[in-house]
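Thanks for coming. I will go through one model, starting with its helices and then moving to the links between side chains.

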Amino acid sequence: MEILTQKNTIQQEVGTTTLGWRTPFLASQENTFKVLAENQFLYDSSLGTIPGTRWWPYTLDYLPSLPCYMANCPTLTYPGVWEIPLVTLQCDESATTFATMLDECTNLETEESTYNMLMTNFKLHYEDNKQPFPMFGHSTWFDNAPYRKDAVIRFMNDVRKFSDVYFVTAQQAIEWIKSPVGLDKKPLSCNL
């Protein structure tokens, strides 16, 4: 009921169709994925990854080949539903503190430390297999420390200088993964 009520409310109030879902407190149950599949959601983003792993978004047409370490992982398949995993972030340079969302990195007390955390995690993805680097969090992360917004803007401006880095929606990322084309064809241009 919660999923469908929120989907309908967003559609009525904003006039757009909701394509994705993140379960509050990441407390998904098997029924969560069933409801998403039955109601044509494109993706879920409620499952985290093990620290040190960087996953690409994957389809729930099949269960993942790597073991799921969270209690909320589906045990059945859900054709057509994708998972955009909450990639575990390294919150500090010594790799002793980890989080699944930006606002869980509570040790970021300056613009510089926030910027460094973002850039460190981006480079882990970029220098590996260029997996997507999803940036999930809550708005209060910015409200409680406005310097974080400056750090994110600075980070975005710096990584935009790479010729093969794009900021895209979850839907755009999934569409490209379904039918990847080379960068010479400008698959993720601003016109999408």
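**Helices and links**

Helices here are DSSP runs of H or I with at least four residues, strands are runs of E with at least two, and both are numbered from the N terminus. Before going on, the basis: this is a predicted model, in which local features need pLDDT of at least 70 and side-chain atom pairs count only at pLDDT 80 or more, while totals for chains, interfaces and linings use all residues. Residues are numbered from 1 along each chain as its sequence is written, and side-chain values use heavy atoms, with hydrogens and water left out.

Back to α1, residues 2–14. The expected span of a helix is 1.5 Å times one less than its number of residues. For the 13 residues of α1 that gives 18 Å, and the end C-alpha atoms are 18 Å apart, so the two agree.

Next, salt bridges. I count one when a side-chain nitrogen of Lys or Arg is within 4 Å of a carboxyl oxygen of Asp or Glu. How many does the structure hold? There are seven salt bridges.

One of them joins the side chains of lysine 34 and glutamate 38, at 3.5 Å from N to O. Both residues sit in helix α2, residues 30–38, and because they are four residues apart there, about one helical turn separates them. For accessibility, buried means under 20% relative accessible area, exposed means over 50%, and partly exposed is in between, with a 1.4 Å probe and protein chains only. Lysine 34 has 40% relative accessibility and so counts as partly exposed. Glutamate 38 is at 48% and therefore also partly exposed.

Now to arginine 154, which has a salt bridge to glutamate 111, 3.8 Å from N to O. Arginine 154 is in helix α5, residues 147–159, and glutamate 111 is in helix α3, so this pair ties together parts that are 43 residues apart in sequence. Arginine 154 also forms a salt bridge with glutamate 112, with the closest N and O atoms 3.0 Å apart. That pair again links α5 to α3, across 42 residues. Taken together, Glu111, Glu112 and Arg154 form a network of salt bridges.

Staying in α3, which covers residues 111–126, we come to threonine 114. Is threonine 114 buried or exposed? Its relative accessibility is 0%, so threonine 114 counts as buried. Leaving aside residues up to four places away in sequence, threonine 114 touches Leu108, Trp141, Tyr147, Arg148 and Ala151. Contact means heavy atoms within 4.5 Å.

Last, the disulfide, taken as a pair of cysteine sulfur atoms within 2.5 Å. The structure holds one. It joins cysteine 91 and cysteine 105, with the sulfur atoms 2.1 Å apart. The angle about the S-S bond is -75°, and the link is left-handed. Cysteine 91 lies in the loop between β5 (89–90) and β6 (98–99), and cysteine 105 in the loop between β6 and α3, so the pair ties together parts 14 residues apart in sequence. Cysteine 91 and cysteine 105 are both buried.
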